Amino acid sequence: MFVCYIDRVNISVAILPMQQEFGWSESTKGLVLSSFFVGYLFMQVGGGLLANRFGGKLILLVAVIWWSVFTILTPVAAALTLPVLLLVRVLMGVGEGASSPAAISMFRHWVPTAERSRAVAMLSSGAPLGTLFALTTTGLIIEAYGWPMVFYVFGLVGFVWTVCWYKWVERTPAEEPRISTEELALLTQQGEASLESEPTPWKAMFSSSAVWAIIVAAFATNWGLYVMLSWLPSYFASEHGLSVTSAGLYAAAPWLTMFVMLNVAAWAADRLLVRGVSLTFTRKLMQSIGLMGSGACLLLVGVVDSVGMAVLTICGSLGFLAFCYSGFAPNALDIAPKHADTLWGVVNTVGTVPGIIGVATTGWLVDVSGTYTSAFVLTAAINLVGALVWLLFSSGQQVVD
């Protein structure tokens, strides 16, 4: 996930010199930033089905190789034409789209129920860490070597990762020669070590209100996440007059906050479960804190007038949003353990839509209004709707066999 996000986020800083070089408007810049999510959306369900059929290890291996190739090709595509660049970004998104379903597929076999909040949080921690790394280093690389070098360097990291993954990771506990007898017995008792693939119960999934609650929560959570991922450096550059390097550095602080709070919230969620608090209450609590707290902070961002206060309020927004990854994120494993990878693909398909329309809409709103305030208000409103739906319809009980 760290590699996934450094390759995804580097363009949010590199796009500043790219915009100057190619003469793009804010709307065109939004189109470039959002094009990635078209491919990302396309592969969510497919990635889940492939992971369910062939295992998360193989699918994740192929996915990282795929997106690393298209990361490296980004500067070449940009030098050709805008449509070629958009196509390369879409194809890069196809590779990254398979990553989360493949990881969830691995968790199905490897992680007991009482540890899943922490496992999903640990996985999700790669996102803010990768974002933090990309934001703090991309500007420095650009200043020293030019913007194309960022894509070459970060793309190569993926190939290093694939060697380690192939060498050290097994598909299931039963195939791991170094596993202890006790751990293997525990995971087998959980019923998660089976490799048998069962037909996906599509009707049962889509007739469940709990499934739709996850879908709506993912949409609301990812709207805020993807707008921040794509536009924070541009926000600091245009609203507060910061340089490319400074904009990246200021935009990094909120992601450090999110990393810390991801793991704090996950520890709290699993602690509640160990103490006997129900899964349903725990998931509802975490998601509600995340969406409503994040939305409240975003409303404050629109009225602050200093860069320090802007950083503080955005840190609050992403810090609260981290709680969602102990709410909706592990919930697919709660309500449909045998089909969590496929369900997660469905959830992430809808959850990727904000990456397309939310990121592009933000660029349009900035062009029309000349400010980011309207984009933040819209995000806060979507958070509120998502929280209400979650409170009414979510569940921690298994609803899909």
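Predicted model: local features only at pLDDT ≥ 70, side-chain atom pairs only at ≥ 80, totals over all residues.

Modeller: Gladly. Glu96 has 0% relative accessibility, so it counts as buried, the cut-off being under 20%.

Biologist: Which residue does Glu96 form a salt bridge with?

Modeller: The general idea is that side chains of opposite charge can pair when their charged atoms come close. In this case Glu96 pairs with Arg8 in a salt bridge, and the closest N and O atoms are 3.1 Å apart. The two partners come from distant parts of the chain: Glu96 sits in helix α5 (residues 82–97) and Arg8 in helix α1, 88 residues apart.

Biologist: And Arg8, is that buried or exposed?

Modeller: Arg8 counts as buried, because its relative accessibility is 6%.

Biologist: How many salt bridges does the structure hold?

Modeller: There are five. One of them joins Asp270 to Arg118, with 2.7 Å between the closest N and O atoms. Asp270 belongs to helix α12 (residues 244–274) and Arg118 to helix α7 (residues 116–145), so this pair ties together parts that are 152 residues apart in sequence.

Biologist: How do I read the accessibility of those two partners?

Modeller: Take them one at a time. Asp270 is buried because its relative accessibility is 3%. Arg118, at 38%, counts as partly exposed.

Biologist: Which side chain does Arg178 meet in a salt bridge?

Modeller: Its partner is Glu176, at 2.8 Å from N to O. Here Arg178 is exposed, with a relative accessible area of 56%, whereas Glu176 is buried, at 11%.

Biologist: Let's move on to helices. How should I describe the way two of them pack?

Modeller: Two packed helices are described by the angle between their axes and the distance between the axes. For helix α1 (residues 2–22) and α8, the angle is about 175° and the axes are 10 Å apart. An angle over 145 degrees counts as roughly antiparallel, so that is the word for α1 and α8.

Biologist: Which residues make the contact between α1 and α8?

Modeller: On the α1 side they are Val3, Ile6, Asp7, Asn10, Ile11, Ala14 and Met18. On the α8 side you will find Val150, Phe151, Phe154, Gly155, Val157, Gly158 and Trp161.

Biologist: What about nonpolar side chains on the surface?

Modeller: Have a look at Val76, Leu80, Tyr145, Met149, Tyr152 and Val153. They form a nonpolar patch on the surface, and their accessible area together is about 570 Å².

Biologist: Which element gives the most to the nonpolar patch?

Modeller: That is α8, with three residues. Met149, a member of the patch, lies in helix α8. Met149 counts as partly exposed, because its relative accessibility is 32%.

Biologist: Which residues is Ile141 in contact with, leaving aside its neighbours within four places in sequence?

Modeller: With that exclusion, Ile141 is in contact with Gly146, Met149, Val150 and Phe154. Ile141 itself is placed in helix α7, and it counts as buried because its relative accessibility is 16%.

Biologist: How far apart are the C-alpha atoms of Ile141 and Phe281?

Modeller: They are separated by 46 Å, and the two residues are 140 residues apart along the chain.

Terms used
Residues numbered from 1 in each chain as written. Heavy atoms only, no water. Patch = residues over 30% accessible without salt bridge, like charges linked within 9 Å, V, L, I, M, F, W, Y side chains within 5 Å. Areas by Shrake-Rupley, 256 points an atom, 1.4 Å probe, with all protein chains shown as cover. Salt bridge = Lys/Arg side-chain N within 4 Å of Asp/Glu carboxyl O. Helix = DSSP H or I, 4+ residues; strand = E, 2+ residues; numbered from the N terminus. Buried < 20%, exposed > 50% of the residue type's maximum accessible area, 1.4 Å probe, protein only. Axes fitted to C-alpha atoms, helices over the stretch in contact; angles between N-to-C directions. Parallel < 35°, antiparallel > 145°, perpendicular 65-115°, else oblique. Contact = heavy atoms within 4.5 Å.
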